[in-house]
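The following questions and answers show how structural terms are assigned. Each answer sets a value against a cut-off and then draws a conclusion.

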Amino acid sequence: VADSGRAQLAPDLSRLNHVYSQAELRHYILHPPSGAAMPSYAGRLSAEDLEHVVAFVLVAQTFRRSHD
């Protein structure tokens, strides 16, 4: 998280203005936008592992945390 002095590796899921669909998450994981600190995981995850990550993020993006 940028404001804590640490490098941001991925979007803070608790601060998203948009809830990503399964297809959008798959695309982001396999083909992150340029400038994202996250590397592409294309060819690095099995189909099953990709689906596990997508399922986790689908739930995690609904988490709400306090923003001090």
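A salt bridge is a side-chain nitrogen of Lys or Arg within 4 Å of a carboxyl oxygen of Asp or Glu. The model discussed here is predicted.

Q: What makes Arg-26 and Glu-51 a salt bridge?
A: The closest N and O atoms of Arg-26 and Glu-51 are 2.8 Å apart. The cut-off is 4 Å, so the pair qualifies as a salt bridge. Side chains of opposite charge can pair when their charged atoms come close.

Q: How many salt bridges does a search of the whole structure find?
A: The search finds 1 salt bridge. Arg-26 belongs to helix α1 (residues 22–30) and Glu-51 to helix α2, so the pair ties together parts that are 25 residues apart in sequence.

Q: Why is Arg-26 called partly exposed?
A: Arg-26 has a relative accessible area of 26%. Buried requires under 20% and exposed over 50%, so a value in between is called partly exposed. Glu-51, with a relative accessible area of 33%, is therefore partly exposed as well.

Q: Why is Gln-61 called buried?
A: The relative accessible area of Gln-61 is 2%. This value is under 20%, and Gln-61 therefore counts as buried. Gln-61 is located in the segment after α2 (47–60).

Q: What does the side chain of Gln-61 reach?
A: It reaches the backbone oxygen of Tyr-20 at 2.8 Å. A polar contact requires N or O atoms within 3.5 Å, so this distance meets the cut-off.

Q: Why is the aromatic pair of Tyr-20 and Tyr-28 called edge-to-face?
A: A search of the whole structure finds 1 aromatic pair. In this pair, Tyr-20 and Tyr-28 have 65 degrees between their planes and lie 6.5 Å apart, centre to centre. An angle over 60 degrees counts as edge-to-face, so the name applies. Tyr-20 is partly exposed at 26% relative accessibility, and Tyr-28 is partly exposed at 21%.

Q: How do you know that the charged end of Arg-44 sits over the ring of Tyr-41?
A: The charged end of Arg-44 is 4.9 Å from the centre of the Tyr-41 ring.

Q: How many helices and strands does the chain have?
A: The chain has 2 helices and 0 strands.

Key: Residues are numbered from 1 along each chain as its sequence is written. This is a predicted model: local features need pLDDT of at least 70, side-chain atom pairs count only at pLDDT 80 or more; totals for chains, interfaces and linings use all residues. Side-chain values use heavy atoms; hydrogens and water are left out. Rings of Phe, Tyr and Trp (its six-membered ring) pair if their centres lie within 6.5 Å; planes under 30 degrees apart count as stacked, over 60 as edge-to-face and the rest as tilted. Buried means under 20% relative accessible area, exposed over 50%, partly exposed in between (1.4 Å probe, protein chains only). A charge sits over a ring if NZ of Lys or CZ of Arg is within 6 Å of the ring centre and within 35 degrees of the ring normal. Helices (H or I, at least four residues) and strands (E, at least two) are DSSP runs, numbered from the N terminus. A polar contact is a pair of N or O atoms within 3.5 Å; within protein, one must be able to donate a hydrogen and the other to accept it, and residues adjacent in sequence count only if both atoms are side-chain atoms.
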